[in-house]
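Thanks for coming. I will go through a few local features of one model, and the model comes up first.

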Amino acid sequence: MTAGRSGEETGSRSGPEADDGSAHGFGNAYGSGNDGEHSSSENGSGDGPEAAGSPPPGARRPGGRTARVREQVLGAVGPLLVEHGFDGLTVDAVAARSGVHRATVYRRWRDVGGLLADVLDAAGDDGWRPADTGSLEGDLRALNEEVQEALTEEPSVALALIAASFRSEEAARALRRFWEERYARCEAVVGRAVERGELSPPVDARKLVVSSTAPLYHQRVLLHSEPDPGLPAEAARTAALAARAGAFNGAPATPQPRATP
């Protein structure tokens, strides 16, 4: 271990804790988010929401020691979550597993909600784009296969984070941000289909992509069913047929503001 100027310790990771689950994809809501450029800066005061995690999406983050600390901490969250569940995930456990001093973790992330939110925000801070297979059905199938892979891997950090979002409002908000951003990137799938002449505009891209991916989440998250190898292709084919029949024609609905309690 090495000590920082303030005495906060960081350590290298090996063994199971070194696996930070950083594979990216449409359905993989977990990643370290640290590629040398995309790492959060330390907040010297440690006070207020800024201390909990990421700057706004697209903001450039400095690297260096701060990036390493964030990578180590976030890399410990997923494995602990799948091993012990939400109730067993604590700031002290994350600090011990990551090798980062507990005072640093408390100052920057405050609590478990802050840690989970930053994990999800980091997962969305990547270069992922939907595959271009040359057809609408092929693009949707590729998306569905990514979803299936994320939900069926063992252990599935994506499933664990979805479950945790029901226990933490901060994590739930971060998960919504993650999906909103992922679906926004998927508008390219519909745009390409329109350019190829497969679909006639206007098309509600969000509804189309949701209709394709929804059966995967229904099967694994709601029904806890065994994965069906044929479902990604079947759901993609159904959504593509519906789209070509005009089921999703029309401009996207304008989001309504949330009512304040």
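Helices here are DSSP runs of H or I, at least four residues long, numbered from the N terminus. This is a predicted model, in which local features need pLDDT of at least 70 and side-chain atom pairs count only at pLDDT 80 or more, while totals for chains, interfaces and linings use all residues. Residues are numbered from 1 along each chain as its sequence is written, and side-chain values use heavy atoms, with hydrogens and water left out.

I start with the loops. P155 sits in the loop between α5 (136-152) and α6, and the peptide bond from E154 to P155 is cis, with omega near -5°. For context, most peptide bonds are trans, and most residues other than glycine have a negative phi.

R110, in the loop between α3 and α4, has phi near 70°. H224, in the loop between α9 and α10 (231-244), has a positive phi of about 55°. H224 counts as exposed, at 61% relative accessibility.

Next, the aromatic residues. Rings of Phe, Tyr and Trp (its six-membered ring) pair if their centres lie within 6.5 Å; planes under 30 degrees apart are stacked, over 60 edge-to-face, and the rest tilted. That rule gives 2 aromatic pairs. F178 and W179 pair edge-to-face, 5.0 Å centre to centre with 70° between the planes. W179 and Y217 are also edge-to-face, at 5.5 Å and 80°. Since W179 lies in α7 (residues 169-185) and Y217 in α9 (residues 205-222), that pair ties together parts 38 residues apart in sequence. F178, W179 and Y217 form one aromatic cluster. F178 is buried at 3% relative accessible area, W179 is buried at 17%, and Y217 is buried too.

What covers the buried residues of α7? Among the elements are α4 (112-123), α6 (157-165), α8 (187-196) and α9.

Last, a helix pair. The axes of α1 (residues 65-88) and α3 (residues 102-109) come within 12 Å and cross at roughly 90°, where axes are lines fitted to C-alpha atoms over the stretch in contact, and angles run from 0 to 180 degrees between N-to-C directions. The two helices are therefore roughly perpendicular (65 to 115 degrees; under 35 is roughly parallel, over 145 roughly antiparallel, the rest oblique).

Note on methods
Buried means under 20% relative accessible area, exposed over 50%, partly exposed in between (1.4 Å probe, protein chains only). Contact means heavy atoms within 4.5 Å.
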